[in-house]
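Biologist: I have not worked with this protein before. Could you take me through it?

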Amino acid sequence: MSDELTYDSYLRIPQLLSLQQCRSTDPDTGEPEHDETLFIVIHQVYELWFKQVLHELDELCRHLDADEPSRGTHQLKRVLKILKTLVSQLDVLETMTPLEFASFRPFLESASGFQSAQFRELELLLGQFDASLLDLVDHDPDARARLERRLQEPTVWDAFVRCLGRSGYDIGESVTDRDVTLPHEPSEQVQAALVEIYRSNPALMEVCELLTDFDEGFMEWRYRHVMMVQRTIGTKHGTGGSDGAAYLRTTIMRPAFPDLWAIRTSF
């Protein structure tokens, strides 16, 4: 019966619960600092959610490539729920005071959230990449290869506008055939097509609104993340030599789909 599938064996619970390896030591007790466990759990859970978001957005792109945008609404609605969960996890992390974080922060050494390869994958999929950040994952050849592959692939927005072009909307070849390794540029031609969609195509308008919801939710998470970092370490540099909150502030209010925001004045 040892080979019988159980809850623990299916979900690999023993292995999962063994992954929270604290590095700190309380000088009084010799035990790990109490709050390091929370810090590890929260960030491991983030990585699991990032994996799921990438999984859902890749499926969205497959639906768009197959000219079935309405099927992708399911993925977008699910990702929106995940984003709400990501924001609420910050509420849990903010129960840790600056003093409690400082008790184990030195033990993090050069480790930094800037090195999250999955989050960089997400930025690439949204067209919000900075190629210089590829160097942050040089310690992991597999992660570097994934990021370089993502850099060469169309983004979510590329998949969407190409789907619109195949559906008969005048998107323009400069948009549909663009160099995907370069940042997105807003397009008046795309915006005109989007206005037409809002006026006459309710199904595609729903996709547009869900993409806007996602963009807003992602910016909300970035803002909350900045405030959490600032609340915890103030204006100090982050671990690994990063600029901490100063850098993170440059990433907020930077939409992934600027054309969807630009058309709001057209109605």
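This is a predicted model: local features need pLDDT of at least 70, side-chain atom pairs count only at pLDDT 80 or more; totals for chains, interfaces and linings use all residues.

Biologist: Understood. How many helices and strands are there in the protein?

Modeller: The protein has 13 helices and 0 strands. Its pattern, read along the sequence, is accordingly written α-α-α-α-α-α-α-α-α-α-α-α-α.

Biologist: What does the C-alpha trace span along its principal axes?

Modeller: The C-alpha trace spans about 70 × 55 × 35 Å along those axes. Of the 267 residues in the protein, 44% are buried.

Biologist: And which share of the contacts joins residues at least 24 apart?

Modeller: That share is 71%, taken among contacts between residues at least 6 apart in sequence.

Biologist: Let us turn to helix 6 and helix 7. At what angle do they pack?

Modeller: Helix 6, residues 117–125, and helix 7, residues 141–152, pack at about 5 degrees, and their axes are 9 Å apart. Angles under 35 degrees count as roughly parallel, and helix 6 and helix 7 are therefore roughly parallel to each other.

Biologist: Which residues meet there?

Modeller: From helix 6 there are Ala-117, Gln-118, Arg-120, Glu-121, Leu-124 and Leu-125. Their counterparts in helix 7 are Ala-143, Arg-146, Leu-147, Arg-149, Arg-150 and Leu-151. By class, the residues of this contact are 6 nonpolar, 1 polar and 5 charged.

Biologist: What about cavities: how many are of 30 Å³ or more?

Modeller: The count comes to 1 cavity of 30 Å³ or more. The largest cavity has a volume of about 80 Å³.

Biologist: Which residues line the largest cavity?

Modeller: The lining consists of Arg-120, Glu-123, Leu-124, Phe-129, Asp-130, Ala-131, Leu-133, Leu-134, Leu-147 and Leu-151. The elements that give two or more residues to this lining are helix 6 and helix 7, and helix 6 provides the largest share, 3 residues. The lining has 7 nonpolar and 3 charged residues, with no polar ones.

Biologist: Moving on to helix 8, is it largely enclosed or open?

Modeller: Helix 8, residues 156–166, is largely enclosed by the rest of the structure, because 8 of its 11 residues are buried. The buried ones are Val-156, Trp-157, Asp-158, Ala-159, Phe-160, Val-161, Cys-163 and Leu-164.

Biologist: What do the buried residues of helix 8 pack against?

Modeller: They pack against helix 3, helix 6, helix 9, helix 10, helix 11 and helix 13. Just after helix 8, Gly-168 takes a positive phi of about 105 degrees.

Biologist: You mentioned helix 11. Is Phe-214 buried or exposed?

Modeller: Phe-214 lies in helix 11, residues 202–233. Buried means under 20% relative accessible area, and Phe-214, at 2%, is therefore buried.

Biologist: What is Phe-214 in contact with?

Modeller: Leaving aside neighbours within four places in sequence, Phe-214 is in contact with Leu-57, Val-79, Leu-80, Leu-83, Leu-126 and Phe-257. Phe-257 is 43 residues from Phe-214 along the chain, and their C-alpha atoms are separated by 9.6 Å.

How values were computed: Residues are numbered from 1 along each chain as its sequence is written. Side-chain values use heavy atoms; hydrogens and water are left out. Axes are lines fitted to C-alpha atoms, for helices over the stretch in contact, and angles run from 0 to 180 degrees between N-to-C directions. Helices (H or I, at least four residues) and strands (E, at least two) are DSSP runs, numbered from the N terminus. Angles under 35 degrees count as roughly parallel, over 145 as roughly antiparallel, 65 to 115 as roughly perpendicular and the rest as oblique. Contact means heavy atoms within 4.5 Å. Ala, Val, Leu, Ile, Met, Phe, Trp, Tyr, Cys and Pro count as nonpolar, Asp, Glu, Lys and Arg as charged, and the others, Gly among them, as polar. On a 1 Å grid over the protein atoms alone, a cavity is a set of points where a 1.4 Å probe fits but cannot get out, and a pocket is an open set with protein on both sides within 12 Å along at least five of seven lines; lining residues have an atom within 4 Å of a point. Grid points are joined across faces, edges and corners, and a volume is the space filled by probe spheres set on the points. Buried means under 20% relative accessible area, exposed over 50%, partly exposed in between (1.4 Å probe, protein chains only).
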